[in-house]
Amino acid sequence: MQNNSHQLSYIVFSTMVSNALQKIWVEMQQEKIYSCMQQHWLSLLLFLLFILIVAIDKPRIIKIINLIRGNNNKSINLPPSPFKLPFIGNFHQLGSSPHRSLRALSLNHGPLMLLHLGQVPTLVVSSPDAAREVLKTHDHIFSSRPNSKIGNKFTYGKSLAFAPYGEYWRQIRKIYVLRLLNSITVRSFRAMREEETACLIETIERSSSSSVDNLVDLTEILFMYVNGIVCRATIGRKFSDEREFKRLRKMLDDMSHLSTISDVGNWIPWLSWVNYINGVNAMVEKKFEEGNEFLESIVEEHMEKKKKKKYDGETNGDEAENFVDVLLGLDYTDKHHIQLGRDHVKALILDMFAGGTETTHTVLTWAMAELVRQPNIMNRAQEEVRAISKGKQIVTEDDIEKMPYLHAVIKETLRLRPSGPLMVPHESTEHVKIHGYDIPAKTTVIVNMWAICRDPTAWVEPEKFDPDRFMDSKVDFKGQDFEYIPFGAGRRGCPGIAFAIASLELGLANLLNRFDWAMPFGMDPGELDMGETSGLTVHKKENLVLAAVPRQFDN
Ligand code: HEM
């Protein structure tokens with residue numbers, strides 16, 4: 001969801017209405033009021049109907065119905081709301097960086113604030129205390145997701161991330177947590193991660209030596225590193241063919257764009273038909289077909305291998321089993337209500353690629369940007385990494401366990417630069433009271449994790465990048481400390497924490513061990529552009545291009 005979504009719906013509709021109005025106005029000015037009304041009675045009627053619908057929004061309609069029925073509940077106490085406009089509600093107040101605009105609004109209206117995004121009542125949560133109420137005390141009520149028609153279409157209605165809270169979500173989540181992303185499985189990918197790290201180092205060396213100024217585009221290279229790990233864990237191989245790699249990236253971008261930005265029906269359900277006119281539905285169908293063809297080819301490849309193994313008795317040797325093979329090998333039909341099929345496998349691939357790649361790669365890029373901007377922190381992290389790795393060219397995961405400052409750098413980056421500052425929206429399944437406010441069922445909930453992680457009542461100098469705040473601190477990202485929830489918390493909290501942290505720490509430690517880093521062309525570190533992209537997922541706006549000078553090793 002970017003500001004484009006509401007702008008789009010608003011523009012389409014207001015253009016239609018304003019064109020009709022202009023015509024009427026011109027004729028009225030020419031004193032042809034009566035004949036004008038005769039000619040345009042249908043337009044006027046439609047216009048009045050439109051005003052009625054947009055001005056009387058859903059909560060007000062419910063209030064009026066209750067009033068007529070005589071059961072107006074005077075005691076209902078909704079959270080404070082900023083002023084909203086008919087039809088678009090509070091969309092116009094989101095701006096290009098919704099997490100920043102929402103924090104500004106919450107400073108005036110409080111940590112529990114009710115907005116209307118189009119027609120959708122949306123609770124915005126902006127303090128650690130309020131987050132604890134939503135994600136812990138009333139977790140069972142807030143663990144659903146708002147329906148996303150387009151998101152469900154792309155993921156065959158089988159994705160974990162999009163699933164509403166219920167039996168299906170519970171069963172799939174169990175498979176993800178117990179079979180795919182638990183600490184033993186994550187450890188089993190250790191050798192693969194170390195291979196991918198060696199590949200990362202090689203790519204940087206090649207890129208640096210082919211540039212006069214040792215320049216490397218870290219944003220691109222880190223994306224390939226993280227994507228390589230996620231691909232190998234998920235489907236057992238990465239895309240060495242550049243075309244295939246670009247196809248995957250484009251597919252994920254398109255899907256994410258269409259399921260959030262372009263779906264007018266998400267926000268104004270009775271305007272869903274606009275998607276037929278503006279070409280969104282046709283585009284969704286086209287992208288779905290393309291994506292499906294790609295995912296089918298992956299599933300087919302695995303089915304063929306499985307058959308071959310059965311006949312030839314082949315094994316993978318020491319290689320850890322990838323997620324698709326695990327899923328295809330599960331016989332779930334008898335014991336459980338769900339029957340795993342091809343669509344589940346394809347949805348799993350999307351969950352892993354979408355949930356694991358962009359998030360992890362963005363955090364790693366921000367970590368390097370913050371370190372280059374603050375050479376004293378970079379030096380301290382490098383000293384620690386180099387002291388522990390004792391002249392080895394590749395830092396291993398055993399070494400990393402002894403690097404508390406490196407852990408602190410990653411934690412601080414996750415605090416200050418979360419890639420999804422508004423997390424993934426939740427939805428309430430029943431009416432509940434929080435801090436004295438009534439939260440009706442089916443309210444969308446946005447947790448402004450970005451604001452919470454910078455809450456001045458919880459953090460000293462919250463805007464400063466200072467890994468020291470995590471040294472000797474018990475505050476952790478596992479979902480118990482509500483001032484620090486970069487992976488969310490509660491039932492819907494991220495199941496990929498161990499997987500993500502392993503790739504982040506190994507990647508960063510090796511970047512610091514193997515190279516000395518500097519701004520390009522001798523620029524001052526303070527000149528590094530830290531601008532963010534706008535929208536729901538926040539990346540560094542400009543690619544991070546740095547000078548990487550390979551360190552000389554004795555052996
Ligand atoms: C730095 C990296 C990552 C960050 C910051 C991150 C953050 C998050 C957040 C904030 C949520 C939503 C929590 C909520 O709704 O309360 C989430 C959900 C999810 N994440 Fe992650 N994540 C990361 C890496 C990963 C990885 C590596 C994977 C898988 C390989 C993954 C898979 C998922 C899935 C499947 C969900 C949906 C869970 C559900 O709806 O039940 N994430 N993540």
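Tutor: Let's start with open space: the second largest pocket holds about 800 Å³. Before going on, note that this is a predicted model, where local features need pLDDT of at least 70, side-chain atom pairs count only at pLDDT 80 or more, and totals for chains, interfaces and linings use all residues. Residues are numbered from 1 along each chain as its sequence is written, and side-chain values use heavy atoms, with hydrogens and water left out.

Student: What counts as a pocket, and what as a cavity?

Tutor: The general idea is that rolling a probe the size of a water molecule over the atoms shows where empty space is left. On a 1 Å grid over the protein atoms alone, a cavity is a set of points where a 1.4 Å probe fits but cannot get out, while a pocket is an open set with protein on both sides within 12 Å along at least five of seven lines; lining residues have an atom within 4 Å of a point. Points are joined across faces, edges and corners, and the volume is the space filled by probe spheres set on them.

Student: Which residues of the lining lie nearest the centre of the second largest pocket?

Tutor: Val 186, Ala 498, Ile 501, Ala 502 and Glu 505, out of 26 lining residues. Helices H8 (167–180), H9 (183–188), H10 (190–209), H19 (397–400), H20 (404–416) and H22 (497–514) each supply at least two residues, and H22 gives the most, with six. Those labels are DSSP runs numbered from the N terminus: helices are H or I with at least four residues, strands E with at least two.

Student: How does that lining divide by class?

Tutor: You get 12 nonpolar, three polar and 11 charged residues. Here Ala, Val, Leu, Ile, Met, Phe, Trp, Tyr, Cys and Pro count as nonpolar, Asp, Glu, Lys and Arg as charged, and the others, Gly among them, as polar.

Student: And how many cavities of 30 Å³ or more are there?

Tutor: Two. The largest cavity has about 60 Å³ of space, and its lining includes Lys 158, Tyr 168, His 344 and Asp 351. H8 and helix H17 (342–373) each supply at least two residues to that lining, which divides into eight nonpolar, one polar and two charged. The second largest cavity has about 40 Å³, with His 99, Trp 366, Arg 417 and Glu 532 among the residues that line it. Its lining splits into six nonpolar, one polar and two charged.

Student: On to rings. What describes an aromatic pair?

Tutor: The distance of the centres and the angle of the planes. Rings of Phe, Tyr and Trp (its six-membered ring) pair if their centres lie within 6.5 Å; planes under 30 degrees apart are stacked, over 60 edge-to-face, and the rest tilted. This structure holds 11 such pairs. One of them is Trp 459 with Tyr 484, edge-to-face at 6.0 Å centre to centre and 75° between the planes. Both residues lie in the loop between helix H21 (449–452) and H22, so the pair ties together parts that are 25 residues apart in sequence.

Student: Are Trp 459 and Tyr 484 buried or exposed?

Tutor: Both are buried (under 20% relative accessible area; exposed is over 50%, partly exposed in between, with a 1.4 Å probe and protein chains only). Phe 477 and Phe 487 make another edge-to-face pair, 5.4 Å centre to centre with 75° between the planes. These two also sit in the loop between H21 and H22, so their pair joins parts 10 residues apart in sequence. Phe 477 and Phe 487 are buried. Ring pairs link Trp 459, Phe 470, Phe 477, Tyr 484 and Phe 487 into a cluster.

Student: Which charged residue lies over the face of Trp 459?

Tutor: Arg 415, at 5.2 Å from the ring centre. The rule wants NZ of Lys or CZ of Arg within 6 Å of the ring centre and within 35 degrees of the ring normal. Elsewhere, the charged end of Arg 249 sits over the ring of Phe 223, 3.7 Å from its centre.

Student: Last one: what is the protein donor of the iron atom of the ligand?

Tutor: Cys 494, through SG at 2.3 Å, is the only one. Donors are N, O and S atoms within 2.8 Å of the metal (3.2 Å for Na, K and Ca), and water is not among the atoms, so sites may look incomplete. Cys 494 is in the loop between H21 and H22.
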